[in-house]
Amino acid sequence: MKKIIFLLLFASPVFAQSKSDLTGAANLFDLSFTSQELDTLYTDVLDNLANYKAMHGLYRSLINNMVVGVSEGFVKNLEIIGVGYKAANQGNILELSLGYSHAIFMAIPAEIKITTAMEKGKNPMVNLEGIDKQLIGQVAAKIKSLRPVEPYKGKGVRFLGEQVRRKAGKAGG
C-alpha cells in the first residue's frame with residue numbers, strides 16, 4: 001500500500017465534526033483515512049494503480065475544498081448591469097428581470113444561501129453562500145447564462161470585479 005499524505009492548511013475545530021463528510025467522500029475516491037491530527041490528514045490508496053497516482057491532485061483538491069467549505073464557506077457575488085435589470089429573492093426563489101418580456105424565476109438549491117441587494121444608484125447584486133464550491137459555481141454559471149455580458153455596452157450578469165473586453169461599435173460612414 002502506498003501512503004499519500006494530504007497536508008491541509010487550516011486550524012479549525014470544525015474539521016473534527018466534518019470527518020463523516022470526508023469518510024463519505026472516501027468511498028467515492030477509494031481512499032481510507034489512517035490517522036488524523038488537527039492540521040494533517042493521512043490517507044492510504046487502496047490500489048496502487050497508475051490511475052490513482054494520476055488523480056492524486058484531484059483528490060487533494062476536492063478534500064481541501066470540502067474542509068475549507070465546512071470551516072469557512074464559499075461566496076460568489078454576481079453583479080447585474082443594465083437599465084431596468086432587477087433581482088429579488090423570496091426564500092430560495094430568485095426573481096430576475098433581465099430585459100426579457102417576462103420575469104425569470106429560478107429555484108436555488110437549499111444548500112445555498114442567497115441574498116440580493118438593490119441600492120439606489122448602484123447595480124443590483126446577487127450573493128451566493130454555501131459549503132459546496134462546485135454547487136455554488138454551477139448555480140452562479142446558470143444565473144450568468146440567463147443574460148451573458150454583451151461586448152458592446154457591457155450589459156448583463158457578471159461576477160463582481162470581472163473585466164469584460166469591450167468592442168468598438170460601427171465605424172459610421
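Strands, core and salt bridges in a predicted model

Strands β6 and β7 run antiparallel and are joined by four bridges; strands count as paired if DSSP finds at least two bridges between them. Helices (H or I, at least four residues) and strands (E, at least two) are DSSP runs, numbered from the N terminus. This is a predicted model, in which local features need pLDDT of at least 70 and side-chain atom pairs count only at pLDDT 80 or more, while totals for chains, interfaces and linings use all residues. Residues are numbered from 1 along each chain as its sequence is written, and side-chain values use heavy atoms, with hydrogens and water left out.

One of the paired positions is Q90, whose bridge partner in β6 is I93. The hairpin of β5 and β6 has two residues between the strands, and G91 takes a positive phi near 65 degrees there.

The faces of β6 can be told apart: L94 and L96 lie on the covered face, whereas I93, E95 and S97 lie on the uncovered one. L96 touches I80, K86, A87, A103, I104, I143 and L146, residues up to four places away in sequence not being counted; contact means heavy atoms within 4.5 Å.

L96 also belongs to the largest nonpolar core, which has 23 residues; L96, V126, L128 and I143 touch the most other members. Such a core is a set of buried Ala, Val, Leu, Ile, Met, Phe, Trp, Tyr and Cys residues joined through side-chain atoms within 4.5 Å. Buried means under 20% relative accessible area, exposed means over 50%, and partly exposed lies in between, using a 1.4 Å probe and protein chains only. Two or more residues of this core come from each of β4 (74-81), β6 (93-97), β7 (104-107), β9 (125-130) and α5 (133-146). With six residues, α5 gives the most.

The C-alpha atoms of T115 and V126 are separated by 6.0 Å, the two residues being 11 apart along the chain. T115 counts as partly exposed because its relative accessible area is 27%.

How many salt bridges are there? The count comes to two, a salt bridge being a side-chain nitrogen of Lys or Arg within 4 Å of a carboxyl oxygen of Asp or Glu. Side chains of opposite charge can pair when their charged atoms come close. K122 pairs with E119, and their closest N and O atoms are 3.6 Å apart. K122 is exposed because its relative accessibility is 58%, while E119 is partly exposed at 48%. K144 and E162 also meet in a salt bridge, at 3.1 Å from N to O. This pair links distant parts of the chain, with K144 in helix α5 and E162 in the segment after β10 (156-159), 18 residues apart. E162 has 27% relative accessibility, so it counts as partly exposed.
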